[in-house]
Amino acid sequence: MDRKQQYKHHFQNTEELREGRRQQELAIRKDSRSRLLDAKRVRLEDGEEVEGISIEQVQHASQQIQREPSCRKSQLKLLRTAFAQGSLYTDQFLSTENALQCLVGILTGRDADLQLEAAWCLTNLSAGIHDHALKMAKAVAPYLITYLSGSNPALQDQCAWALGNIAGDGPECRDLLLAQGVIQPLMNLLKSPAPAVIQSVGFALSNMVRGPDARIRELVDAGILPLLAAHLTYNPDTLAATGEVAWVITSITASGKYDAAIMSVGLVDKLVTLLILLAQHQVNNSQVVTPILRTLGNVCSGPDEWSIQACQNDQLLPALGQFLKSEHRHIRKECLWVLSNMTGVASVCQSVFSTGLLQRVIQLLGDTFDIKKEAGFCLCNIACQGTEYCDHLLQLGALAEMTALLKSSDLDTVLLALGFSEMILRMTQKGCVQFEEFGGVSHLESLEYHSNDMIRNQASDLLEKYFWNESEDVEADNHETVEEYPPWRMQAQQNTS
């Protein structure tokens, strides 16, 4: 995606800061997404216990499903629960002669109840270590893919979940599934009337499009975006499915290569409408809110007109204000990242002022470390717009909190605070006085001895220009040079593995 350069000081290019931040955010969001996936890999019934089954019981059950057809259902239930306990139980089953072949035979049999139990066993088997998932991809996946096109929604749901586990293992398993033709049957199931099926299909597809090697172009060309966008609606009974589908769209929009397809399905308006309703009814539902916020952030890191279009709905910014108050830290963080992208446009900044949202952003400078950082990026982006915006930030007390960040032990945060301070000092009349009142000069003097050359040099430059050479006329620099400070546009984040 062709993005504008991030803000930079007139005395220092911050390319290294930008790259460091992008890589850090990518790693954090990758880890966050992986934890969400891991939590869903094993499937259990509500209230089902996952402890108390012994290795001997697994060995016995692995033999019994081959010898005693009449007790297969109870033994399969024991096995699927045992597989959720860890790889030792899975290893025991796979080491039992003909056990996996028998399980596949039950899956392909005519007893619908036993088919479902067998698929459930395969789902939990696929949630194990790489060797287990790879074995499933080679020996079982073709059968699972076949049943995606069947007429049994419960079996479709279970098979899609199992394929999602296999795909979540990594590129090797994903490549095998692609070669076996998994994509089109999954796409067809996006039309299913069963929410549970949609949820499992979304889970599988979100794993299929993970990683830099994901073949997203093939999916887009095959028409997946309209099918996905159709599920971006508010329905309390289908929110889990909506969340899974949104993760797929997050990966597609992160690439920045499909502007025409995004525009054709009206994605911006759908995301905005859904976020507004979530803010009203499900503000702390992180499983849904997180991917929707991230997708909107990806979209708004693209053409400016998409940020403008999003803000044409005057309920969006108040909705974002509700998310900034969420009890979940990562929702607050994702929301700030969205605002950082959107405030690259002057008209959006003006809307942020008029809705009172900026006060909440400034308050979050007193939150946890990562929240402070995201709020700082947003304020820097707004300050880039010129003197009027810097004056308003000064009036709202942003300088006091940003000055405090100069004491941070994090290099990127200090550079961020230096950049904000420089813009306030250069573009406001009262900036120097307030900066000194907040202890900014003493912080800069301490930074002159910093081990980092960039920080040390920038601190010295600010001291010399605005505080040590008071006899010089510095008014010449107190003018708007917005062209020298293009808006900060955040790199769209991608789910990778």
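User: Let's start with G302. Is G302 buried or exposed?
Analyst: This is a predicted model, and everything here is computed from it. The relative accessible area of G302 comes to 10%. The cut-off for buried is under 20%, so G302 counts as buried.

User: How far apart in space are G302 and G256?
Analyst: Along the sequence, 46 residues separate G302 from G256. In space, going from C-alpha to C-alpha, the gap between G302 and G256 is 7.1 Å.

User: On to helix packing. At what angle do the axes of α2 and α3 cross?
Analyst: Helix α2 covers residues 55-67 and helix α3 covers residues 72-83. Their axes come within 9 Å of each other. The crossing of α2 and α3 is left-handed, and its angle is roughly 140°.

User: Which residues of α3 make the contact?
Analyst: From α2, the contact takes in Q57, V58, H60, A61, S62, Q64, I65 and Q66. By class, the residues of the α2 and α3 contact split into seven nonpolar, six polar and one charged. On the α3 side, the residues are R72, Q75, L76, L78, L79 and A82.

User: How is α5 oriented relative to α6?
Analyst: The axes of α5 and α6 are 7 Å apart, and the two helices pack at an angle of about 135°. Because of that angle, α5 is oblique to α6.

User: How many nonpolar residues does the contact of α5 with α6 have?
Analyst: α5 passes α6 in a left-handed crossing. L100, L103, I106 and L107 of α5 meet L114, Q115, A118, A119, C121, L122 and L125 of α6. Sorting the residues of this contact by class gives one polar and no charged, with the nonpolar count at 10.

User: Which residues of helix α7 are buried?
Analyst: Helix α7 runs over residues 130-139. Its buried residues have cover that includes α4 (87-95), α5 (99-107), α6 (112-125), α8 (141-148), α9 (153-167) and α10 (171-179). The buried ones in α7 are H132, A133, L134, M136 and A137.

User: How are α12 and α15 oriented to each other?
Analyst: Helix α12 (residues 195-208) and helix α15 (residues 239-254) have axes 8 Å apart and pack at an angle of about 25°. Angles under 35 degrees count as roughly parallel. The crossing of α12 past α15 is left-handed, and the two helices are therefore roughly parallel.

User: How many charged residues are in the contact of α12 with α15?
Analyst: α12 brings P195, I198, Q199, G202, F203, L205 and S206, while α15 brings A240, A241, E244, V245, W247 and V248. By class, nine of the residues in this contact are nonpolar and three are polar, and the number of charged ones is one.

User: Now salt bridges. How many salt bridges does the count come to?
Analyst: To be counted, a side-chain nitrogen of Lys or Arg has to be within 4 Å of a carboxyl oxygen of Asp or Glu. With that rule, the number of salt bridges comes to 11.

User: What is the N to O distance between R217 and D221?
Analyst: Both R217 and D221 lie in helix α13 (residues 216-221), four residues apart, about one turn of the helix. R217 is partly exposed at 42% relative accessibility, whereas D221 is exposed at 56%. Their side chains meet in a salt bridge with an N to O distance of 3.5 Å.

User: Which residues are linked with K333 in a network of salt bridges?
Analyst: K333 and D370 meet in a salt bridge at 3.8 Å, N to O. K333 is buried at 7% relative accessible area, and D370 is buried at 16%. The network joins K333 to R329 and D370.

User: One last pair. What is the N to O distance between R426 and E422?
Analyst: R426 and E422 are four residues apart in helix α27 (residues 411-427), which means about one helical turn separates them. Both R426 and E422 are buried. Their side chains form a salt bridge, N to O, at 2.9 Å.

Note on methods
Residues numbered from 1 in each chain as written. Predicted model: local features only at pLDDT ≥ 70, side-chain atom pairs only at ≥ 80, totals over all residues. Heavy atoms only, no water. Axes fitted to C-alpha atoms, helices over the stretch in contact; angles between N-to-C directions. Left-handed = near helix turned anticlockwise from the far one by under 90°. Contact = heavy atoms within 4.5 Å. Nonpolar A, V, L, I, M, F, W, Y, C, P; charged D, E, K, R; others polar. Buried < 20%, exposed > 50% of the residue type's maximum accessible area, 1.4 Å probe, protein only. Parallel < 35°, antiparallel > 145°, perpendicular 65-115°, else oblique.
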